[in-house]
Number of protein chains: 2
Amino acid sequence: MTHLDAPPGLETAERILHEAAALFRTKSFNGASMQDLATAVGITKSSLYHHYPSKQALLAEIVEVTMSRVPPLVAEIAALDIPAASRLHRAIALHTAESIRERDYLACFSEESRYLSPAFMALHREKKDRYEALFQQLIEDGIDSGEFVAQDPSLAVMAVLGMCDGAIRRYRPEDGYSPDDIATAFANAAIRGLGVHDLEQIDAGEAAL
Amino acid sequence: MTHLDAPPGLETAERILHEAAALFRTKSFNGASMQDLATAVGITKSSLYHHYPSKQALLAEIVEVTMSRVPPLVAEIAALDIPAASRLHRAIALHTAESIRERDYLACFSEESRYLSPAFMALHREKKDRYEALFQQLIEDGIDSGEFVAQDPSLAVMAVLGMCDGAIRRYRPEDGYSPDDIATAFANAAIRGLGVHDLEQIDAGEAAL
DNA sequence: CTGCCTGCCGACCGTTCGGTAGACTACTCT
DNA sequence: AGAGTAGTCTACCGAACGGTCGGCAGGCAG
């Protein structure tokens, strides 16, 4: 029983992180014990502590890798030189698809991050606020340009991101929807909900890409 | 120190339930201990067990009182003899306002109910499905009548209720929005998002009531 | 006055929690 | 061959968990 017996593509530390994200999503941070995690990974509880110093550190790591992966993708979309409605459409679709595909990690990011210790929490709040500000800016751009009807942008971002987060909890693979199915439906609904009058134009723009 | 000293309007059992709902929302079911609850109520942990047989029973009771209070209100709206879009608008506004006003209870209903023991869970799933079916039926009605664009009703209900649930987690009283502000904004956004073409007519209908 | 019932309490139970200590094994590098 | 190291193990720790027990104070009915 050594550390090189069976590396099926993933290092132990990475497997631990994966299983931890999965457990934190399904049983919540407080509901998942280190023993549960050890069992899922197939090692003993003590061995976990060789790779990560604490349960908190596991959560912090999960949140951080997610934070450094997804926001840049959205930021890239936000910087495109296309109408705000099109940018927001793509941003929502990406955020939603990512939320479903990597729901273990995104659930930790959006739901379990509140269990971060105060030290990590402060850091995380700031990053999360910056991430959500990307969406709010897109909405404000769209209102300014007349693509969306005048409305409170912070309520709009609350509605949109709340909807996306909901997908994580409500998604069930056995229902037969692909992440992209849901992502597209949500993005369409959101753009329409913001009061855009020519959704067809956005669809056409997407199809051309 | 007797049981009749200071009933400030609420019986002990009811105060326990209130504080439990608040704690379960803020710290989650697994994160809130019976000692936390006892401290919040101002009695000892042992005394809790005089009123409720277990922590599980507390959660079950919270979920059940919510379940027997809110769905009838929505069912009443769903049965009104007005266009589907108007009924759905009012149903969403009510659900959202209620989610925010009674967010301790509604959070337990929508988020913590997954910690119910299997026995209670089965019962709860059925009721929750029936509740959500109310919304889905309204959406299907609106599609059939041409008020909403053709779309997958179950994805639509996923988006709408996900958005509403999000309000519970994202709402912060200090931001200055009233529950009704958010409820109206969400209902408008949702109806628009479903593809209704004459939102003004719905607003006019609401104003007349 | 007596006896019961309600609400509460301090003390305690067994279990599980996150985390630690130290030894063992097998691999790598010199 | 020998030293070092990475990864795992068994065994254990103190604390906190949900829950139980027996008893005590006081209101109330007989």
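**Helix packing between and within chains A and B**

Modeller: Helix 9 (residues 179–193) of chain A packs against helix 10 (residues 179–193) of chain B at an angle of about 120 degrees, with the axes 7 Å apart. Axes are lines fitted to C-alpha atoms, for helices over the stretch in contact, and angles run from 0 to 180 degrees between N-to-C directions. Helices here are DSSP runs (H or I, at least four residues), numbered from the N terminus.

Colleague: What does that make helix 9 of chain A relative to helix 10 of chain B?

Modeller: That makes helix 9 of chain A oblique to helix 10 of chain B. Angles under 35 degrees count as roughly parallel, over 145 as roughly antiparallel, 65 to 115 as roughly perpendicular and the rest as oblique.

Colleague: Where do these numbers come from?

Modeller: This is a predicted model, in which local features need pLDDT of at least 70, side-chain atom pairs count only at pLDDT 80 or more, and totals for chains, interfaces and linings use all residues. Residues are numbered from 1 along each chain as its sequence is written, and chains are lettered from A and ligands numbered from 1 in the order in which they are written.

Colleague: Which residues in helix 9 of chain A and helix 10 of chain B meet?

Modeller: A189(A), A190(A), R192(A) and G193(A) meet A189(B), A190(B), R192(B) and G193(B). Two residues are in contact if their C-beta atoms, placed from the backbone, lie within 7 Å.

Colleague: Changing topic, which residues in helix 4 of chain B are buried?

Modeller: L58(B), L59(B), A60(B), I62(B), V63(B) and T66(B) are buried (20 or more other C-beta atoms within 10 Å of a residue's own, with C-beta atoms placed from the backbone). What covers them includes helix 1 (12–27), helix 5 (70–78), helix 7 (103–110) and helix 8 (118–144) of chain B.

Colleague: At what angle do helix 8 and helix 9 of chain B cross?

Modeller: They cross at roughly 125 degrees, and their axes come within 9 Å. Helix 8 and helix 9 of chain B are therefore oblique to each other.

Methods: Helix = DSSP H or I, 4+ residues; strand = E, 2+ residues; numbered from the N terminus. Buried ≥ 20, exposed ≤ 12 C-beta atoms within 10 Å, placed from the backbone.
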